[in-house]
Amino acid sequence: MTHTTPAAPPPAGPTTFASRDPATGRVLADHPVHGPDDVADAVRRSREAAGRWAALPAAGRRSALLAWKRELAARLDAVAATVAAETGKPRADAELELLLTLVHLDWAARHAGRLLRRRRVRSGWLAANQSATLVHRPLGVIGVIGPWNYPVYTPMGSIGYALAAGNGVVFKPSEYTPATGAALAEAFDAAVPESAGLLTVVTGAGPTGEALARSGVDKVAFTGSPGTARRVMAVCAESLTPLLAECGGKDAVIVAADADLDAAADAVVWGAMGNAGQTCAGVERVYAVREIHEELCRRIVERARDLRPGAGADASYGPMTMPGQAEVVRRHITEALAAGAEAVWGGTDSVAGNVVAPVVLTGVPEDCPALTEETFGPVVVVNAVTDVDEAVRLADASRYALGAAVFCGSRRTGAALAARLRAGAVSVNSVLGFAAVPALPFGGSGASGFGRVHGAEGLLSFTAPQSVTVRRFAAPVDLTSFRTPAAAKARAVALVRGLHRRH
C-alpha cells in the first residue's frame with residue numbers, strides 16, 4: 001500500500017484590512033475581510049428580516065425609514081467626520097453629501113406606499129369580464145456594491161430606495177470607505193431595532209463583492225468603473241441575477257453665445273474641481289461657442305486659481321482618494337499637451353503626490369484620453385466650437401452618457417438643447433441640478449451603465465410587477481374554451497378584426 005501526503009491547503013488570505021487617510025496614509029482602522037461564508041450569512045440574516053419587513057403595511061415601513069433619517073441627521077457630525085477621514089474630502093463637502101442623502105431618504109420613505117400600491121388598470125372591452133390589477137412587490141434581498149467617491153449619497157440611492165420598496169439589503173462599501181458603510185447600518189439598527197439585520201454590511205475588496213454577486217441576492221446594484229461592471233455582470237449572468245450598473249461619465253457642458261458667462265464659469269469650476277474632480281457626473285468637457293470661448297476661459301481661470309487643494313481645514317478640496325489616480329490624471333494632461341493642447345492654467349506640475357491642483361486645458365484634440373476617458377481629477381477641457389449644433393454633436397460623441405449641462409440665455413432654448421443630448425440627466429444653467437431633486441431618476445447609457453436610481457423609477461427598479469386578473473362574469477363568447485362553437489368564435493374574430501381595420 002502506498003501512502004501519499006495530502007496536499008497542503010492553500011495559504012489563508014488576510015482576515016483584516018486597513019482603511020487609511022488618503023492625505024497621510026496613516027491607518028484609520030482595521031476591518032474584517034468577509035469571505036463567501038460571511039456574505040452568505042449576511043444574506044440569510046437580511047432575508048429573514050426582509051420577510052417581516054415586506055409584511056409590514058406601507059405606513060410601517062415609512063415610519064421606520066423616517067426614524068432612520070432622523071437618526072442619521074442626529075449623527076450627521078460623526079458620519080461626516082468618518083466620510084471626511086476616509087475620502088480626504090473637506091468636512092463641508094461630507095456634510096453636503098449627507099444633506100442630499102437625507103432629502104432622498106425622506107422622499108423615498110414618503111412616496112413608496114403611493115407609488116407601489118396595488119392599482120386597477122383598464123381591462124379593455126375584449127376582456128371586459130376580467131378585473132385587472134397591478135402591484136409592485138419587493139424582490140427580496142438587494143446586494144449593493146458602493147463607490148468611495150460619494151460613499152453615502154451614491155449607495156443610498158440604491159439602499160434607501162430598495163428598503164422603501166420592501167427589500168432587505170446587503171451592502172458592500174468600497175474598501176476605501178468601510179467605516180462609512182458600517183455607520184449607515186449602525187444608525188439603522190439603532191433607529192429600527194425591531195428590524196435589525198435588515199441592512200447588513202460586508203467589508204473587503206473585489207473578492208467580497210464577487211461573493212455578494214454570487215450569493216443568491218435577488219438583484220445587484222453596482223457603482224464603479226465600466227471594467228469592473230463587466231466583471232460583476234459576468235458573475236450575475238451565471239445565475240441570471242439582474243444588475244443595475246452606474247459606471248461613471250465624461251460629462252459635457254455646452255455654453256452658448258448668449259449665456260451668463262459668470263454663472264457658467266462658476267458652475268464649471270465647481271463641477272470640475274469639487275471633490276477633487278472625483279464625481280461621476282462632474283464636469284470634464286466644456287464646449288463653448290467661439291465668440292465667447294476666450295472670455296469664458298479667462299473667467300474659469302480666474303476662479304480656478306483661487307482654489308487651494310490639500311488636507312488643511314481651509315482646503316477647497318482634498319487629495320485623490322484612490323492610490324494611483326493621480327498618475328491617471330498626469331497621463332491625461334501629458335498626452336493632451338503632447339497632442340497640441342494648451343494649458344491655460346496648471347499643467348503636469350499641478351500633480352504633486354496625491355494632491356492635484358486645478359488644471360484648465362483648451363484646444364485638446366477629440367481623440368485624446370482627456371476627452372475620451374474618465375479623468376476623475378480636477379482637470380477640465382474647454383474647447384471652442386463653431387455653434388451649439390457642433391457642441392451637441394461632440395457632447396454626444398462620447399461612449400459615456402450620464403449627465404450634461406447647458407448654459408444659454410433662454411431657458412426654452414436650453415430645454416430644447418437638453419432634449420437633443422443623449423445624457424440621462426441634464427441641467428440648464430446649472431450643473432448637477434438634478435442631484436438634489438429626489439423625484440428625478442438618475443442613470444445613463446453606453447459606458448455609463450444602465451438602470452435608474454432615485455425617483456419613482458428608482459423605487460420600481462427594486463420591485464417585481466405582478467399582474468392579476470379576476471373573472472367577474474362569464475364572457476358572452478369565450479375564446480379560451482374548446483366548448484365554444486366555431487361559428488361563435490368566427491363571428492367574434494370578424495367583429496374584432498372589423499373594429500381594428502376601421503380604427
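**A loop residue and its setting**

Modeller: His454 sits in the loop between β21 (449-450) and α15 (455-460). Helices here are DSSP runs of H or I with at least four residues, strands are runs of E with at least two, and both are numbered from the N terminus. The model is predicted, so local features need pLDDT of at least 70, side-chain atom pairs count only at pLDDT 80 or more, and totals for chains, interfaces and linings use all residues. Residues are numbered from 1 along each chain as its sequence is written, and side-chain values use heavy atoms, with hydrogens and water left out.

The phi of His454 is near 70°, a positive value in a residue other than glycine. Most residues other than glycine have a negative phi. His454 is buried, at a relative accessible area of 4%; buried means under 20%, exposed over 50% and partly exposed in between, with a 1.4 Å probe and protein chains only.

Asn429 also has a positive phi without being glycine, near 60°. Its place is the loop between β19 (425-428) and β20 (445-446). Asn429 counts as partly exposed, with 34% relative accessibility.

For a strand, take β11 (residues 283-289), where seven of seven residues are buried. Strand β10 (residues 251-255) runs parallel to β11 and is joined to it by five bridges; two strands pair if DSSP finds at least two bridges between them. Val255 has Ala288 of β11 as its bridge partner. Between β10 and β11 the chain passes through helix α9 (residues 261-273), a β-α-β crossover that is right-handed: with the strands pointing away from the viewer, the path from the first strand over the helix to the second runs clockwise. β11 also pairs with strand β16 (residues 379-385), again in the parallel sense and over five bridges, and Val286 has Val382 of β16 as its bridge partner.

As for the chain as a whole, it holds 16 helices and 22 strands, and 51% of its 503 residues count as buried. Its C-alpha atoms fill a box of roughly 85 × 80 × 60 Å, taken along the principal axes. Of the contacts with a separation of 6 or more, 71% join residues 24 or more positions apart, a contact being heavy atoms within 4.5 Å.
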